[in-house]
Amino acid sequence: MARKRVNFHFVMESFLNKAQLILRSLIVVNRWYQRLLILLFLGVFITVGIHPVLSQTPIDIPIMHELTDITKPMQGNNTCYNPGEIGKVKDAKKLIEYGKNCYEQGDFSNAAIWLQNAVEILKPQKDQKINLAITLGNLTLIYQQQGNWQLAQTSIESSFNILNPIKNINHNRKQQLSAQFLNIQGKLQFAQGKVEDALKSWEKAAAIYHGIGNKYGNIISQINQVQALQALGLFQPAQTKIEKIEQNIEKLPANLKSKALRSLGDILRAVGKLEESKDKLEKSFNLVKNSEDTENKSGTLLSLGNTLLATANLARDREATANYEYMPWRCENKDIPTKFVQQYSFAKEKYQEAIKEYDNARNNQASSIKEIKANITEIKAKVNLLHLLIELQEWESAENLVNQIKLNNLPTSRDKVYIQINFAKSLACLQKNKGEIEIEIAKKLKTAIQDAENLKDNRAISYAFGNLGGLYEYFAWVNQQKQQTSQAEYWRHQAQKFTEEALYLAQPAQMSDIAYQWQWQLGRLFEFEGKNEKAIKEYDNAVKTLESVRGDLLSINSDVQFNFRDNIEPVYRELINLLVKTKGSSDLIQTYLKKAIKTIDSLQLAELENFLRCNLSNTQEQQIYQLNDSKTLIVYPIILEDRLSIIFKVARKDENLGYKEQRISAQQIEKTLQELRDSLIEPDNTPEVVEKSKIVYKLLIEPLKPILNQETQIKNLVFVLDGLLRNIPMSVLYDDDVKQYLVEKNYDIAVLPGFNVFNPQSVQTKLNLFMGGIGLAQPNLGLGFEKIEYLRDELDGIAQKIPSSNILIDEQFTKFNIQKQLERGNFSGIHWKTHGVFSSDPDQNFIVAYQEKIKANDLNNLIQTTSKNRTKALELLVLSACETAQGDNRAVLGLAGIAVRSGAKSTISTLWKADDSTKANTEFMIKFYQELSKPGMTKAQALHQAQLYLFKELGYNAPNIWATYILVGNWL
């Protein structure tokens with residue numbers, strides 16, 4: 001069955017056909033992409049006007065919910081007939097009806113055949129030009145679903161070419177069709193990565209709908225525009241558009257208003273606006289809850305359940321640690337902390353309510369429920385609920401629900417294939433809870449493969465083959481654990497065969513979103529067999545595939561960074577793990593270490609872009625090799641599953657990379673780091689800090705002693721930190737042999753959130769500061785923003801050391817005044833003493849102005865948009881009195897995000913709230929600027945001297961006071 005695989009250029013072409021796979025955000029292999037795919041591609045199947053019933057005004061409804069019932073089935077059913085079984089049909093309207101039925105059921109191959117036959121019948125009929133244009137437009141939708149871009153492009157161009165010259169047609173109807181064709185064209189352009197063209201098409205469609213008074217069409221076209229604006233990184237215009245859409249939705253009839261709100265709610269969930277999504281979906285449901293529209297009610301409850309589940313996942317995952325090993329079919333039950341259980345119960349209730357709507361409908365003879373669609377929606381709700389019950393480890397309820405899930409009655413469609421696979425995954429987890437996974441699961445996947453092959457749907461076939469390969473990979477692993485070598489080898493061989501077939505069908509250039517999974521899976525299988533070089537090649541291919549589409553994922557809000565961490569990050573880490581442990585010649589080892597550095601830099605960059613939702617296009621690849629600074633040691637500590645790998649290099653050109661490793665599990669080192677972080681936050685906790693920090697010193701600094709002893713000129717230690725190491729200030733690491741913190745040694749320390757993000761270079765100009773802050777308590781903003789002491793002392797003390805512009809204090813420190821000061825641009829540094837929180841949640845990443853919060857994105861936009869007026873580059877951003885969010889293991893991403901997006905070459909802030917009960921923080925800041933004003937003084941050196949000043953001269957011995965300060969970015 002396996003075909004010879006071929007190599008393809010890694011190009012982004014399509015994320016199309018996964019839109020109907022709504023949930024599975026924890027188990028399904030490509031869950032990261034589903035968040036994006038949920039919001040993509042709003043499209044309609046247009047009905048021709050051959051029959052009066054068929055010529056009614058069509059309504060655009062997103063495919064992810066349903067296709068509008070613009071045609072009433074003329075045979076009293078919506079069966080998708082097989083063209084080979086029905087014989088030659090001469091009636092175009094029947095061909096179109098059958099095609100529409102097949103399209104709605106996800107049988108795109110047969111849908112295309114029916115409509116292609118209809119086109120051939122309509123072509124010679126001069127009085128059927130309109131219907132020919134419509135049929136070709138519908139074919140475009142089908143070709144897009146199949147990934148046939150050239151046919152889709154030709155088809156939509158033909159639709160326009162036929163429609164435009166027609167004169168004997170009602171103006172409004174012609175405009176209506178033009179708008180629909182534009183929406184379809186925009187969908188095609190978006191799928192091909194032509195986002196700006198798609199935006200223009202959707203803008204034209206919205207203008208036409210507005211002109212003919214089609215409010216709903218106008219709204220759907222504007223929702224399309226939102227996804228384009230998000231993809232282009234234009235978040236403020238996207239938000240403005242959403243606000244406008246909400247105003248227009250109010251003017252719609254209740255049923256259309258409900259559907260529009262549901263579409264908007266789903267998009268808001270996809271981009272991480274979970275509270276807004278919940279609000280829209282609740283409003284959507286309230287509009288129809290007393291109606292007999294079972295399908296709409298249940299669909300909205302299903303969407304609401306998905307949003308509530310995403311909210312619960314986000315709350316839980318912010319406190320979770322990274323996933324360092326991944327095998328898609330090896331179900332691992334993770335306990336959900338008690339404080340999050342109630343949030344999950346809200347999602348469970350909505351799924352249960354969605355299912356109950358169908359039970360009520362069956363008992364209500366007046367219900368106009370459509371059987372096939374209703375069953376699909378109901379089954380989705382049940383499969384989602386089953387997954388959630390397993391997550392909650394409610395095994396008995398899950399077992400009872402399994403008996404209620406009947407897939408046999410579903411029509412064969414792509415949707416059914418995905419449902420079968422997801423159902424099989426849940427069954428596998430249930431069986432694993434009993435101690436084993438039965439071979440029966442494989443039979444269910446083979447049924448999914450057969451259905452996909454009957455559909456001639458390569459995407460669905462690939463997805464089914466790949467998952468069967470994943471199941472067999474798990475069988476191989478289980479047998480290996482039992483030391484049943486021959487059985488393990490048999491299942492590994494089967495896994496490889498099906499995975500290769502899946503990859504052949506996916507082809508990275510066409511289906512990047514699933515192709516990387518099969519490349520990754522092949523890498524794991526080769527590694528399992530001990531074929532490291534082949535494994536490295538496949539892992540590398542997976543990373544390249546991800547790199548090729550990374551820019552297309554930037555429209556996703558950072559809540560998916562946790563899915564990124566679980567389902568994308570392990571690809572990078574497993575590649576690095578292979579690279580550092582594979583033996584060979586010194587040249588080969590250097591090659592692999594360079595690739596490991598490049599990979600971890602790519603991971604850091606991808607993580608930052610994923611968090612910031614922006615393209616950091618000004619980065620320079622492999623900048624580490626361009627530096628020529630013998631005083632600087634660059635250190636990459638990388639946390640892997642069973643070791644801490646340390647790659648290092650003296651920053652001289654052509655210098656070889658060095659490598660050390662410490663054998664320790666990721667769980668052990670993360671436990672130590674978390675305990676150290678907790679100890680640092682507490683005052684007067686020096687013994688506990690010393691105890692934990694000396695462990696980290698032995699792991700990270702001790703292996704570097706030979707190079708530090710040899711290269712005595714080294715003055716700067718620059719760390720590209722990984723995982724929970726980012727939560728720890730390196731200055732606090734404790735050398736138990738000489739009873740000294742690292743801060744007491746002769747090294748200046750800086751941190752980079754990825755080496756290719758900053759361009760380290762010496763500052764040639766004198767610093768001029770824009771200073772401000774707020775000392776008054778801000779009780780109305782929550783989080784207990786108490787009075788900040790010594791504000792005036794700090795700012796006045798700094799002003800005596802460094803030239804500064806007008807200082808904004810208390811009531812003057814408003815967003816409006818800050819913007820005005822930024823616009824003047826006569827400064828090269830910013831120093832603000834105010835409350836602030838750095839978080840992995842952009843909405844909780846802010847600084848405090850007078851009686852308002854300035855979110856990080858707004859602050860970044862303010863600084864960037866006013867940068868054109870600045871006469872000097874922004875060399876330094878200092879945020880005094882800020883802190884990272886407690887309990888958020890990736891909160892430092894917020895600080896890194898501020899550092900990167902502000903455009904500041906260097907950022908200094910605090911990892912936890914600086915002590916405000918004494919003048920320690922103020923003394924530190926004044927000393928820092930005093931040192932920085934000296935000729936030849938670097939920022940890292942000034943920071944180091946200010947810390948020593950607190951520790952040695954002023955007697956603030958507690959690490960809680962002096963260790964909180966961190967320099968991110970350019971250390972020179």
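Analyst: Of the 972 residues in the chain of this predicted model, 64% are buried (under 20% relative accessible area with a 1.4 Å probe, protein chains only; exposed means over 50%, and partly exposed is in between). The model is predicted, so local features need pLDDT of at least 70 and side-chain atom pairs count only at pLDDT 80 or more, while totals for chains, interfaces and linings use all residues. Residues are numbered from 1 along each chain as its sequence is written, and side-chain values use heavy atoms, with hydrogens and water left out.

The chain has 35 helices and 15 strands; these are DSSP runs numbered from the N terminus, with helices being H or I of at least four residues and strands E of at least two. Among contacts (heavy atoms within 4.5 Å) with a separation of 6 or more, 73% join residues 24 or more positions apart. The chain exposes about 36000 Å², and carbon and sulfur atoms supply 45% of that area, computed by the Shrake-Rupley method with a 1.4 Å probe.

The largest nonpolar core has 223 residues. Such a core is a set of buried Ala, Val, Leu, Ile, Met, Phe, Trp, Tyr and Cys residues joined through side-chain atoms within 4.5 Å. Tyr929 and Trp971 have the most contacts inside the largest core. Its largest share, twelve residues, comes from helix α19, residues 458-481. Another core lies apart from it, with 44 residues that include Ala92, Trp114, Ala152 and Ala179.

Ile130 is found in helix α5, residues 129-146, and counts as buried because its relative accessible area is 15%. Leaving aside neighbours within four places in sequence, Ile130 is in contact with Ile166, Ile169, Arg173 and Leu177. Lys174 is 44 residues from Ile130 in sequence, and their C-alpha atoms are 8.9 Å apart.

Two loop positions provide the contrast. Lys456 lies in the loop between α18 (440-455) and α19; at 61% relative accessibility, Lys456 is exposed. Asp654 lies in the loop between β2 (643-651) and β3 (658-662), and Asp654 is also exposed, with a relative accessible area of 78%. Most residues other than glycine have a negative phi. Lys456, which is not a glycine, has a positive phi of about 55°, and Asp654, not a glycine either, has a positive phi of about 65°.
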